[in-house]
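Here's a quick walk through one model, with an eye on helices, rings and packing. Have the viewer open as you read.

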Amino acid sequence: MTSRTLAVVSAGLGRPSSTRLLADQLAAAARDELAARGATTVELRTVELREHAHDVVNHLLTGFPPAALRQTLDDVAAADGLIAVTPIFNASYNGLFKSFFDVVDREALAGKPVLIGATGGTARHSLALEHAVRPMFAYLRAATLPTAVFAAPEDWAGDDGDSALRSRIRWAAAELAEQVDRRPPATGPADPFALTTDFADLLAGRDPA
């Protein structure tokens, strides 16, 4: 029995946002799957990237994240699994989604289970998950799940518990829960200022190596 944490990143720009709706449904399904596998608690840490847009740009320009963005980056690095959902613009992820993952530490997603999802104005945009989103996470060495979830406008119309979209959400959530469950709990990001040498040795000028 253990506690688990999922980071949920939504790059939707509008309010309300179908991208955020899909992210929330994936997160809820994954939480239920983890609970069914014995997780005592499952914490969802949801990130609305539109709230960090200016901070992301400042980080790209200066190399230093403001405090709120630093906490968000730490939450993503410390999570046991990640759900990342973007709207598709011009056959690819939107610029905010890409910019955020450009400032994520290059080791933060290595080996981390990632469930990818997207929304778009037509089902033809679903291919962007495979030719744009998945390769980006492969480059970041994430353990991207086989099933990706795309939602077009028609998927929401008359949506109910037995719809094709709901089935895909449940399937992908089960894959994420399985991968998270088989891994030890995440320990969080490394502290770049942590001492690796005993303080007494530092004062004495001794190198323990």
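Predicted model: local features only at pLDDT ≥ 70, side-chain atom pairs only at ≥ 80, totals over all residues.

Let's begin with α1, which runs over residues 18-36. Its 19 residues reach 27 Å from the first C-alpha to the last, close to the 27 Å you'd expect at 1.5 Å a residue. At the start of α1, S17 points a side-chain oxygen to within 3.2 Å of the backbone nitrogen of T19. T19 is also one of the buried residues of this helix, and others include L22, A23, L26 and L34. Just past the end of α1, G38 has a positive phi of about 105 degrees.

Now for the rings. Searching the whole structure turns up five aromatic pairs. Two of them are laid out here:

| Ring pair | Distance between centres | Angle between planes | Type |
|---|---|---|---|
| Y93 and F97 | 6.2 Å | 35 degrees | tilted |
| F100 and F101 | 5.1 Å | 80 degrees | edge-to-face |

The second pair counts as edge-to-face because its planes are 80 degrees apart, and the cut-off for that label is over 60. Ring pairs also join Y93, F97, F100, F101 and F137 into a cluster. Within that group, F97 is buried at a relative accessible area of 0%, and both F100 and F101 are buried too.

Which residues touch the most other members of the largest nonpolar core? Out of its 37 residues, they are V9, L82, F97, F100, F101, L109 and F137. Two or more residues of this core come from each of β1 (2-10), α3 (67-78), β3 (81-89), α4 (95-103), β5 (113-119) and α5 (128-139). The largest share, six residues, is supplied by α5.

F137 deserves a click of its own. Leaving out residues up to four places away in sequence, F137 touches L82, A84, F97, F101, L109, V114, I116, A142 and T144. There's a second, separate core as well, with 24 residues, among them A30, V42, I169 and V180. As background, nonpolar side chains tend to be buried together in soluble globular proteins.

Setting aside residues up to four places away in sequence, D75 touches A7 and R45.

Definitions and conventions. Residues numbered from 1 in each chain as written. Heavy atoms only, no water. Helix = DSSP H or I, 4+ residues; strand = E, 2+ residues; numbered from the N terminus. Expected span 1.5 Å × (residues − 1). Buried < 20%, exposed > 50% of the residue type's maximum accessible area, 1.4 Å probe, protein only. Polar contact = N/O pair within 3.5 Å; in protein donor to acceptor, adjacent residues only side chain to side chain. Phe/Tyr/Trp six-rings, centres within 6.5 Å; stacked < 30°, edge-to-face > 60°. Core = buried A, V, L, I, M, F, W, Y, C linked by side-chain atoms within 4.5 Å. Contact = heavy atoms within 4.5 Å.
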